[in-house]
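Subject: Structure handover

Hello,

Please find the structure below, with notes on what was found in it.

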There are 2 protein chains.
Amino acid sequence: MEPLTDADAELWAAWVAASEALAQVSTDVAEATGLSEPDVTVLMCLQQADGARLRQSDLATTTGWHRSRLSHHLKRMAERGLVNRTEVPGGVEVRLTTMGRAAAARARPVHADAVRRHLVAPLPSRDRERLVTILRRLTAPGS
Amino acid sequence: MEPLTDADAELWAAWVAASEALAQVSTDVAEATGLSEPDVTVLMCLQQADGARLRQSDLATTTGWHRSRLSHHLKRMAERGLVNRTEVPGGVEVRLTTMGRAAAARARPVHADAVRRHLVAPLPSRDRERLVTILRRLTAPGS
DNA sequence: GGCTCGGTGTTGTCGTGTCAACGAATGCGA
DNA sequence: TCGCATTCGTTGACACGACAACACCGAGCC
């Protein structure tokens, strides 16, 4: 319960600053495609799914979202014509519309480019390797 | 405009996962104190300010927030009794209430503890040094 | 005085996210 | 058959943040 050491405070500050810098990835994608970060998450999950369709509960699992969040968001995406939902026995099936598929196709290269610009390019290759290793320690079981 | 290499995709995935893990810092603080992350930001800025009071525009500068966001948030914080606002020539002055000061005092050790638990403790000291260096490259001028 | 201008805050609207409450379908044991 | 829990999804209320539109005020200038 003591205050952070200077070194730890600097580490935290650096983390916060870097997080804000990397938030630019989502901003770039949004500007170029009109899709929010959650939009992209949903579109990518659906496109990678077998048959490009998923039960809503499976989508909740793969995104890690709560059911209510997913319900709200899919409703909005459906209103914008990106997905459609049909009742099936024991749940709801979500599918990409043609517009949704097109939006996903547009988003992918923009996203890749933004990641390269904001995360990959600023770091020498040695740092990138080290960073992966370190980041994984932050999410390791005994975190 | 080509897709990410496997290594770059892994780096991005590791970053996203770690970000979600470190979001737990705010969650911990919120659970323990009832304060959101923006609440804490405001409280800390005010407490460190000379005389524990700031012009609203100065607060906008130090937090990096838009004026409208700050206005909305201060209104809510004022309703909860954490700050009060008084008009002064050429602007509005924000001050901590007694409750606000107490909340800030409660939040500080909780925050420090959360940072230690989620960011500092999982990493050996060598990694912490490297991480600071790498993160700073992500926010360097030519980012 | 009357003028524009830049700076300061507020407000409304919309998209988003969380939480708790609810409703419908399913299964299962008494 | 009757309950009862589980799973699934929706809904409403609220907090939060971005954006644009607006009002206000003091400074400078005609």
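A polar contact here is a pair of N or O atoms within 3.5 Å; within protein, one atom must be able to donate a hydrogen and the other to accept it, and residues adjacent in sequence count only if both atoms are side-chain atoms. With that in hand, a polar side-chain atom of Gln56(B) lies 2.9 Å from a phosphate oxygen of DNA strand C.

Some conventions before the rest. This is a predicted model, in which local features need pLDDT of at least 70 and side-chain atom pairs count only at pLDDT 80 or more, while totals for chains, interfaces and linings use all residues. Residues are numbered from 1 along each chain as its sequence is written, chains are lettered from A and ligands numbered from 1 in the order in which they are written, and side-chain values use heavy atoms, with hydrogens and water left out.

DNA strand C

A residue counts as near a strand if one of its heavy atoms lies within 4 Å of it. There are 18 residues around DNA strand C, and those that come nearest are Arg69(A), Ser57(B), Arg67(B), Ser71(B) and His72(B). Of the atoms of DNA strand C that come within 4 Å of the protein, sugar and phosphate account for 51%.

A backbone N or O atom of Ser57(B) lies 2.9 Å from one, and an N or O atom in the side chain of Arg76(A) is 3.0 Å from one.

Helices (H or I, at least four residues) and strands (E, at least two) are DSSP runs, numbered from the N terminus. On that basis, two or more residues of the surface near DNA strand C come from each of α4 of chain A and α3 (56-63), α4 and β3 (91-96) of chain B. α4(A) has the largest share, five residues.

For residue classes, Ala, Val, Leu, Ile, Met, Phe, Trp, Tyr, Cys and Pro count as nonpolar, Asp, Glu, Lys and Arg as charged, and the others, Gly among them, as polar. The surface near DNA strand C then has two nonpolar, eleven polar and five charged residues.

DNA strand D

DNA strand D is surrounded by 17 residues, of which Ser57(A), Arg67(A), Ser71(A), Ser68(B) and Arg69(B) are the closest. Sugar or phosphate makes up 51% of the atoms of DNA strand D within 4 Å of the protein, and bases the rest.

- Ser71(A), polar side-chain atom: 2.6 Å
- Ser57(A), polar backbone atom: 2.8 Å
- Arg85(A), polar side-chain atom: 3.1 Å

At least two residues each of the surface near DNA strand D are supplied by α3 (56-63), α4 (67-79) and β3 (91-96) of chain A and by α4 (67-79) of chain B. Here the largest share, five residues, comes from α4(B). By class, this surface has two nonpolar, eleven polar and four charged residues.

Chain A against chain B

Counting contact as heavy atoms within 4.5 Å, 41 residues of chain A touch 41 residues of chain B. Buried area is the accessible area (1.4 Å probe) that two parts lose on being put together, summed over both. For chain A and chain B it is about 4,200 Å², with 74% on carbon and sulfur atoms. Leu11(A), Trp12(A) and Trp15(A) lose the most area in chain A, together 16% of what that side buries.

A salt bridge is a side-chain nitrogen of Lys or Arg within 4 Å of a carboxyl oxygen of Asp or Glu. Four are found across this interface, including one between the side chains of Arg136(B) and Glu10(A) (3.3 Å, N to O).

On the side of chain A that touches chain B, α1 (6-33), α5 (98-120) and α6 (125-138) each give two or more residues. α1(A) gives the most, with twelve. That side has 25 nonpolar, five polar and eleven charged residues.

Strands

Two strands pair if DSSP finds at least two bridges between them. In chain A, β2 (residues 83-88) and β3(A) are antiparallel over six bridges, and Val88(A) has Gly91(A) as its bridge partner. The hairpin of these strands has two residues between them, and Gly90(A) takes a positive phi near 80 degrees.

In chain B, β1 (residues 53-55) runs antiparallel to β3(B), joined by three bridges; Arg55(B) is partnered there with Glu93(B).

Regards
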